[in-house]
Amino acid sequence: MAITFDESNKIFKLDTAHTSYMIAVVDEEQFVGHVYYGAKIRMQDASCLMRTFENPLVPSVNNRERCSFMDTFPTEYAGHGIGDYRESCISVRSKAGHSAVGITYRSHRILEQKPVLEGLPSSFGECRTLVLDCMDAALGLEVELLYSVFEEEDIITRSVRVKNKSADDIYLTKVYSACIDMDSEDYEWLTLHGSWARERQIERRPLSHGKQSVGSIRGESSHQEHPFIAWLHPYTTQTQGDVYAMHFVYSGNFTAQIEKSQFDSIRVTMGINAEDFCWKLEPEEVFTAPEVVLSYAADGLGTMTRNLHDFYRKHMIRSKYAHTKRPVLINNWEATYFDFNTEKLLSIAKRASELGIEMLVMDDGWFGHRNDDSTSLGDWVVNEEKITGGLKHLVDEVNKLGLKFGIWVEPEMISPDSRLYEEHPDWAFAIPGRIPTLSRNQYVLDLSRKEVRDYVYDMISGILRSANIEYVKWDMNRQLTDMGSAALPADRQGELYHRYVLGVYELQERLISEFPDLLLENCSGGGARFDPGMLYYSPQIWCSDDTDAVERLGIQEGTALIYPLSAIGAHVSVCPNHTVGRNTPFETRGNVALAGTFGYELDVTKIPEEDQKMIPEQVKTYHKYNDLVREGDYYRIASYRENHEYDCYMVVSKDKKEALVTYVQVKGRANYKSRCIRLQGLDKELDYRLEGTEQVCGGDLLMNAGLMVENLWGDAGSRLFHLTAEGK
Ligand code: DGJ
């Protein structure tokens, strides 16, 4: 039973395979308290964990100290302005101008499935859901707290629905999605920070008193911080120690915060960033807060990683490509930038097809009169001066060469130099009286407006219908500013950031509904919108504009900490690398890109002959291992980020009969012969043959003593080791 209710003690218990989460309804006023989250335990009256027997006691016993009770009570959803001075989850502006909110339990329901979160991406599939129906009687605000339990993956998801049951409008000024209060022990916190070309770098540091948070007010989940937060012990490693995590299924502004209180308890909160958020809720209207994914693992970060990978593969990625090999693509961005035409693309496609590559993707610059980044976004009409003979001709010719065809679009944007802007300047976000802020020469379309969404959809879908286009790269190359909509009244301008994200979701939903066979890859100036929300629409996301193999080790380590390898867009590009100027062996660039969707981002007619010759072998390697890489269990063995010398990770099949180890020796090492690397995740009873050798070793030996890896000559050498169980 995933959800049980002990009626006499008023305790709810949510169980996954290895974890329990307990909630209690407390005191005559029916406060909703957080009792426990951690390793699986039996059902029992654990309400003592909430310390309601200590001073100041519950209000029915000692209302003199109501404020102290409120400020210490571990709650499931923190109210605002009524005595709890820690971070609140919800606040309002009522008709009378007040901001306070406090919710208490009314009733509950246990559902056999996952309720759909209207207009939002959210997990699906087999699970049970507890709905706690709560109320703020003074405001007439109904608040549903939703908890869905995914037993097998040890995941609990949370979200919140708020309904206005009063006769007046209520303005929601903050609605977070999840809150957990617990004793702090000696936790550290872990987040993923970054920048353009440096996304999702793992950062871990001690927790201190007060508030520490990461967030985005950039209108997207962002390069800079990631909607993910973990708290863990200093001794937690890949293979041991507690780790808790929250991950936000949302692609816009967010907050992820841990507050350590005066009594050393912590409150972890996650939700839409309250800055610039104000949602008008008319009587009987409902606001739904996006989903948060909760994870707890008792045995280290590796288990958290594998649980999240399984969860996203099974319960978030809907695409028909979720569990299939993706075509090996070649993208012309780093090959040509804006300087291309039909002839050039066909020459790349021709050579690519000879080498075994399976799809050509035409990137930015095929429409309007766009020859650099200063024009034409919004004018989604093929530039026949470049694409001579038209798009259909190009696609047909590419198809004749045996390649599929994919296209790049950036539907959310508008260039000031465009026909669209001439006709509809008010379709761009702008604040009257202010000079709108350009970024990469472009403005952002007001996707809160239906007519704007319809225009964008008609243009893009028209292009897709005009030729045999099997893949779309949906890009978004600037962050949001000047949040003013010409269509919204003054008291709804605070809804704009969220309405924009809902608009993006609606557009992508329409696209994949009309074109269910389309392979969609999301992208945002590299990996600025790599989040679980986008995974609901696209099975893969471009990870970073930094394609250097060494830089990618860190970026892909941080990304793979929480996302399955099947979702990580990774390509081989030329050297010196266009972002960092580094030279790395072609072989290593290929080996690193194998831990993702795999493809090329170069002019295959121009790279050295010896590199070209390696491509057929790399494509073969991709096909040989992709089922394993895409569906297997990922183990992080060593991190170049930590040891400054080498990187190593492996993927093990679910039946443990096959494994692929990737080793990259980033720095050449003087006077060493070999290094012994302890593997993980194998079956200790099985014997494994190391492909290409006569060597057979027990899983027990490989995990306890290790795999001997020869020292490699030079920098950034790499090796793949393929292990298969004897008798497989
Ligand atoms: C940013 C993307 O990340 C690149 O791959 C490329 O598509 C450019 N945009 C095109 O403008």
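## A first look at this predicted model

Six strands form an open sheet here, in the order S31-S32-S33-S38-S35-S36, and they pair in the antiparallel sense. Strand S31 (633–638) and strand S36 (696–698) are at the edges with a single partner strand each, so one side of each has no neighbour in the sheet. Please keep in mind as you read on that this is a predicted model. Two other places are worth a visit too: strand S17, at residues 265–271, and the largest pocket, with about 650 Å³ of space.

**The six-stranded sheet**

- On average, neighbouring strands of this sheet are turned by 25° against each other, with direction ignored.
- Within the order of the sheet, S33 stands between S32 and S38.
- Strand S33 (residues 658–665) and strand S38 (residues 717–725) run antiparallel and are joined by eight bridges.
- To find this pairing in the structure, look for Val-664, whose bridge partner in S38 is Ser-718.

- Strand S17 is mostly covered, as seven of its seven residues are buried.
- In a regular strand, side chains alternate between the two faces of the sheet.
- Ser-265, Arg-267, Thr-269 and Gly-271 point one way from S17, while Ile-266, Val-268 and Met-270 point the other way; all of these residues are buried.
- Strand S16 (residues 254–260) runs antiparallel to S17, and six bridges join the two.
- S16 and S17 form a hairpin with four residues between them, and Asp-264 in the turn has a positive phi of about 65°.
- S17 also pairs with S10, again in the antiparallel sense, over seven bridges.
- Asp-183 has Ser-265 as its bridge partner in S17.

**The largest pocket**

- The space in the largest pocket comes to about 650 Å³.
- The pocket is lined by 31 residues, and the closest to its centre are Leu-49, Arg-51, Pro-74, Met-182 and Asp-183.
- Strand S4 (31–39), helix H1 (66–72) and strand S10 (170–183) are the elements that give two or more residues to the lining.
- S4 provides the largest share of the lining, with six residues.
- By type, the lining has 16 nonpolar, seven polar and eight charged residues.

**Where two topics meet**

- Asp-183 is a handy landmark: this residue is among the closest to the centre of the largest pocket, and Asp-183 is also the bridge partner of Ser-265 in S17.

How values were computed: Residues numbered from 1 in each chain as written. Predicted model: local features only at pLDDT ≥ 70, side-chain atom pairs only at ≥ 80, totals over all residues. Heavy atoms only, no water. 1 Å grid on protein atoms, 1.4 Å probe; cavity = no way out; pocket = protein on both sides within 12 Å on 5 of 7 lines; lining within 4 Å. Points joined across faces, edges and corners; volume = space filled by probe spheres on them. Nonpolar A, V, L, I, M, F, W, Y, C, P; charged D, E, K, R; others polar. Pairing = 2+ DSSP bridges. Axes fitted to C-alpha atoms, helices over the stretch in contact; angles between N-to-C directions. Buried < 20%, exposed > 50% of the residue type's maximum accessible area, 1.4 Å probe, protein only.
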